[in-house]
Amino acid sequence: MAFEQQTLNYTTEYSKAMLNTYPYWSYFSDIYGSPLSATYKPLTGNKILVQGMNVSGARNTNRNSIDGTFNRNFNTDDQVLEMTMDRDWDTLVDPMDMREDAIVTIANITKVFNEFQKIPEQDAYAAMQISQAAEGFGTVDATKLTSSNILEYWDTYLAYMVNQRVPRDRIRAKMTPDYYKLLKEAAGITRFVEADTGIRNIDRNVGKLDGVVIQEVPSDMMMDNYDFTEGWATVAGARQTNLMMYDPLAIAAPIVYDVSMMSSPTAQSKGKWLYYERYYYDVFVMNKRKTGVMANISALPTLGTVTFNTVAGADSTHTIITNLPAAPFGMQYVAMSQSGASPSVTYGQQLTSGWTPVQNNSIMETATSQYIVVALVNTTKGNAAVAASAVASVVGG
């Protein structure tokens with residue numbers, strides 16, 4: 001919604017202390033304050049280079065000889081991240097407004113901007129980036145949770161994270177108030193009654209469950225898509241993220257530039273104060289640590305697509321897959337032949353039995369009039385994120 005100027009109210013005496021209720025604070029400070037956020041910042045330009053390494057496993061020692069050859073048993077890879085959220089905000093403040101209305105001060109204006117615009121925008125952006133990373137990796141669950149099944153699915157989500165070698169005490173969970181309410185209502189949650197002071201204090205908060213720190217986040221801050229043209233606004237068709245689990249050390253949220261300036265009234269500003277603020281930030285999920293992010297979202301994302309071609313193989317029973325782009329880190333392509341043209345794949349479907357791992361120039365066994373279906377799945381669970389099909393090319397086909 002576009003901002004509209006309104007006539008300032010000079011008829012009421014206001015206190016200099018702002019009376020806006022529920023001032024905002026950051027719900028994702030664990031990300032913006034994480035060690036990775038300080039480590040990965042662009043040295044020049046707007047790009048960040050994240051370097052990684054893979055090594056082979058150890059072998060049994062031969063105590064009696066040094067036969068054989070020595071090989072390079074490591075590879076390096078790079079992830080290039082591009083900063084995009086370069087934001088600014090400014091306002092003019094007329095000295096007469098400041099004189100006639102006690103609420104109009106630079107301190108109050110900037111306080112409201114930070115609490116109700118800047119910090120909420122950064123949190124909404126973080127929630128969007130984490131949600132979309134889970135969607136792109138195929139680690140999204142759309143199960144509708146209830147007070148009866150939320151602990152069962154909590155255990156399922158937590159088991160997935162621990163199986164990806166994420167230390168349990170490092171996992172963070174963010175959930176909407178509605179889902180937090182389900183957790184409080186779940187059977188099996190221990191209640192504490194403090195009576196040593198003579199006052200029976202009943203604490204029903206669930207601040208930590210199975211070692212995982214839990215934080216409520218307002219529903220409007222937990223969507224998978226926003227429009228940041230002016231401020232932050234939910235995009236039509238955006239899905240509600242009900243719960244997300246992540247490892248803060250899987251995410252980098254660098255704030256590269258954050259500065260505010262104020263100019264005194266001058267002839268150029270027609271006697272007005274000028275306030276200007278600029279901040280430059282982004283949120284990235286590291287390629288090698290996408291397994292450390294998952295989410296429960298109200299509806300499954302649309303299955304993505306991938307473009308590839310086929311050429312005839314050596315005979316009428318083989319097809320070669322060509323022009324297949326490189327698979328993102330932690331993901332792989334799988335393929336199968338079928339008679340129909342439409343990919344018989346749904347988002348999140350586990351593609352194991354009957355599916356063959358493929359890459360560019362892989363040869364598939366097929367037949368005339370069949371189609372090759374290629375899907376991109378994560379290597380942790382085999383869950384599909386994108387898929388496409390192309391007619392099989394065979395000799396004499």
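A contact here means that heavy atoms lie within 4.5 Å of each other.

**Figure 1. Overview of the predicted model of the protein chain.** Among contacts between residues at least 6 apart in sequence, 75% join residues at least 24 apart. The chain contains six helices and 24 strands. Of its 397 residues, 40% count as buried. The accessible surface amounts to about 22,300 Å², and carbon and sulfur atoms account for 51% of this area.

**Figure 2. The largest nonpolar core of the protein chain.** In soluble globular proteins, nonpolar side chains tend to be buried together. The core shown here comprises 73 residues, and those with the most contacts inside it are Phe28, Trp154, Ile214, Met245 and Ile321. Helix H4, which spans residues 106-137, supplies the largest share of this core with 10 residues. A second, separate core consists of 10 residues, including Tyr40, Met83, Ala252 and Phe284.

**Figure 3. The surroundings of Met245.** Which residues does Met245 touch, not counting residues up to four places away in sequence? Among them are Trp154, Tyr157, Leu158 and Met161. Met245 also touches Ile171, Arg172 and Ala173, together with Gly292, Val293 and Met294. Both Met245 and its neighbour Trp154 belong to the residues with the most contacts inside the largest nonpolar core.

**Figure 4. Strand E20 and its pairing with strands E23 and E21.** Strand E20 covers residues 331-338, and strand E23 covers residues 371-378. These two strands pair in the antiparallel sense over eight bridges. Strand E20 is also joined to strand E21, again antiparallel, by three bridges. Where do the partners of Val334 lie? In E23, the bridge partner of Val334 is Ala375, while in E21 Val334 stands opposite Pro357.

**Figure 5. The loop that holds Asp210.** Asp210 is placed between strand E8 (208-209) and strand E9 (212-216). Although Asp210 is not a glycine, its phi is positive, at about 55 degrees. Is Asp210 buried, partly exposed or exposed? With a relative accessible area of 36%, Asp210 is partly exposed, because that class lies between the limits of 20% and 50%.

**Figure 6. The loop that holds Asn361.** Asn361 is found between strand E21 (356-358) and strand E22 (363-365). Asn361 has a positive phi of about 75 degrees, although this residue is not a glycine. Strand E21, on one side of the loop, contains Pro357, which stands opposite Val334.

Notes
Residues numbered from 1 in each chain as written. Predicted model: local features only at pLDDT ≥ 70, side-chain atom pairs only at ≥ 80, totals over all residues. Heavy atoms only, no water. Helix = DSSP H or I, 4+ residues; strand = E, 2+ residues; numbered from the N terminus. Buried < 20%, exposed > 50% of the residue type's maximum accessible area, 1.4 Å probe, protein only. Areas by Shrake-Rupley, 256 points an atom, 1.4 Å probe, with all protein chains shown as cover. Core = buried A, V, L, I, M, F, W, Y, C linked by side-chain atoms within 4.5 Å. Pairing = 2+ DSSP bridges.
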